[in-house]
Amino acid sequence: MTRYVLRRLAWALFVVWAALSLVFVLVHGVGDPAAATLGPRAGAEQLREFRRKHGLDRPLLEQYARYVAGVVRGDLGTSFRDEQPVSRVIATRLPRTLLLGALALAFELVIGLGLGIFAALRRNTIWDTGTVALTFVGISAPTFVTGLVFLYVFAFLYGWFPVGGYGVDALDHLRHAILPAFTLAIFGAATYARLMRSEMVEVLGSDYVRTARAKGASRLRAALAHAARNAMLPVVVLVGLQLSTLVSGAIITEQIYAWPGMGRLAFEAISALDAPLVLGVVLVTAATVQAGNLLADIAIAALDPRVRMTG
Amino acid sequence: MMDPRAWRRFRRNRGAIVGLALVGLVNAVAWIGPAFAPFDPSEQLEGGTDPQTGAPVPPGTHLAGRGTLWLGADEVGRDELSRLLAGTRISLLVAFGATLLAVALGVLIGILAGYAGGPTDTVAMRSIDLLQSLPFLLVAIALNRVIDRPDLWVLCLVMGGLSWTTLARVMRAKTLQVRELEYVQAARALGAPAARLLLRHVLPNAIQPALVLGTTLVAQMIIFESAMSYLGLGVRPPTPSLGSMLHSGQQWLTHQPVLVLAPSALIVATVFGFNLLGEGLRDVLDPKD
């Protein structure tokens, strides 16, 4: 098990490094951050001065070596635009996205598992068909569509929620987070509902559930205490794999609701081609994605010894 | 390749029929629709925006001597309906282009990896792992921002080049399966060259999963394109696409919601249609699963 975890960890580190290097080559090798930051009206002298100041006039390999050495020391450089340390910018933005992600995950699990169990218990009735159709709409409606529609209906028409923004204190942050978190949760909720339904249908037909019923457990108790517990295993694994989408998928949602988290930061940084900021965001995002996948893989290996042999 | 009973199964599959109808409808909008567009989609109409407030005129506004703007004007006074028709065409074009590229890459790489085995296989599979682990949208918008050519071909290349991995995995598994079949082993023992084995025995088995995955891939590409264009880093203005129309329409969300709702409806209909059709094809072509 330890060897498996170590090998998996090495791979995760490799992926983070590869993502960082790929984006480094993209931003510094293909793009021109100096021109992007200073705008089209910058003179040749200004550009030269900017490049000299930020070391952009050095050979690409040297810039790369310097950047990686900095990252290893924990120094992510300073943003081109406002000269702020990248690590400080990320430290203010990341908790906001984590709040959004945590709330979205709660919505996903409550709605997803609830609908999945409900549909499985009402199998082959109109309720089941309706739920399955609903989840199909859920996986087909992209966040920018649901986000804009929710914003219009629930924030503007009904005024139940604020029209975007972050709020001023803890309770206000939460109030502002509900609509974006719900938007972010729809796809995951629909995915979990579909998986939970099919798992439940399978488990409900198994011998041990029949035994539980025969021993006098009520239908609901057999379904929840006996069947749902086992049906949830694959869902838990999927949650680990999907955690990453809550971080990277927040780009669109945060853009719609003007939520100043990592997703919006990523978008701003890429639009402005603010190289140190782009790389910092990619580093943190890739690391989060890998951490989620790693946890999921370890969970799978812990649950299923066969994976350890082959993986 | 296709079971003659498949069509009968297909007709009985309600989801697949609805999917096919939606896909047909959206394609009609995209390919035939622009011929009936009441206006030039890029013409800023005189009287398209309110001279005082600058707001786009509402749906149903009649411009004397020009015709009626059934869905009103967009933020700079162009006919929304005509733009919607043209935008659907662009979105489908990009999605189909990217899907074709992804399917071609996926089938090719998957089959070669599965057939060759050994180091080729290892390299291919690890590259797929790597590509699937990258923060997808982030890399895509960074790529498109850096290339910075508002060119539909570039967009297709970026999207297709990042989306072939799932299909390649399936193709590889399928190839490994077929390679061990007795009649393929027999053909190999008789000295059939590799190219012939791949073309005659492996490729035909690849068609069904490619069809199913390709159909759902179109849905994903529609979302992908709209997401990038919504962020302003996909199809760039003034070219209309469903995503870029959302991008420019959202500033008028409260005054003129049709500018957001109309492209949204078309996106959802398209994605829903291709997803249903893909799911239906899976049921029909592979009843075992």
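Is A:L295 buried or exposed? In this predicted model, A:L295 is exposed, with a relative accessible area of 57%, where exposed denotes over 50%, buried under 20% and partly exposed the range in between (1.4 Å probe, protein chains only). The residue is located in helix α13 (residues 275-303) of chain A; helices (H or I, at least four residues) and strands (E, at least two) are DSSP runs, numbered from the N terminus.

Residues are numbered from 1 along each chain as its sequence is written, and chains are lettered from A and ligands numbered from 1 in the order in which they are written. For the predicted model, local features need pLDDT of at least 70 and side-chain atom pairs count only at pLDDT 80 or more, while totals for chains, interfaces and linings use all residues; side-chain values use heavy atoms, with hydrogens and water left out.

Over all chains, 16 aromatic pairs are present. Rings of Phe, Tyr and Trp (its six-membered ring) are paired if their centres lie within 6.5 Å, and planes under 30 degrees apart count as stacked, over 60 as edge-to-face and the rest as tilted. A tilted pair is formed by A:F150 and A:F182, with 5.6 Å centre to centre and 35° between the planes. Because A:F150 belongs to helix α7 (residues 143-157) and A:F182 to helix α8 (residues 170-204) of chain A, this pair ties together parts 32 residues apart in sequence. A:F150 is buried at 14% relative accessible area, whereas A:F182 is partly exposed at 30%. Both rings belong to a cluster linked by ring pairs, together with A:F107, A:F154, A:Y158 and A:W160.

Charges also sit over rings, a term applied if NZ of Lys or CZ of Arg is within 6 Å of the ring centre and within 35 degrees of the ring normal. The charged end of A:R96 is placed over the ring of A:Y166, 4.6 Å from its centre.

Chain B comprises 11 helices and 2 strands, in the order α-α-β-β-α-α-α-α-α-α-α-α-α from the N terminus. Its C-alpha atoms fill a box of roughly 80 × 45 × 25 Å along the principal axes. Of the 289 residues in chain B, 53% are buried. Among contacts (heavy atoms within 4.5 Å) in chain B with a separation of 6 or more, 72% involve residues 24 or more positions apart.
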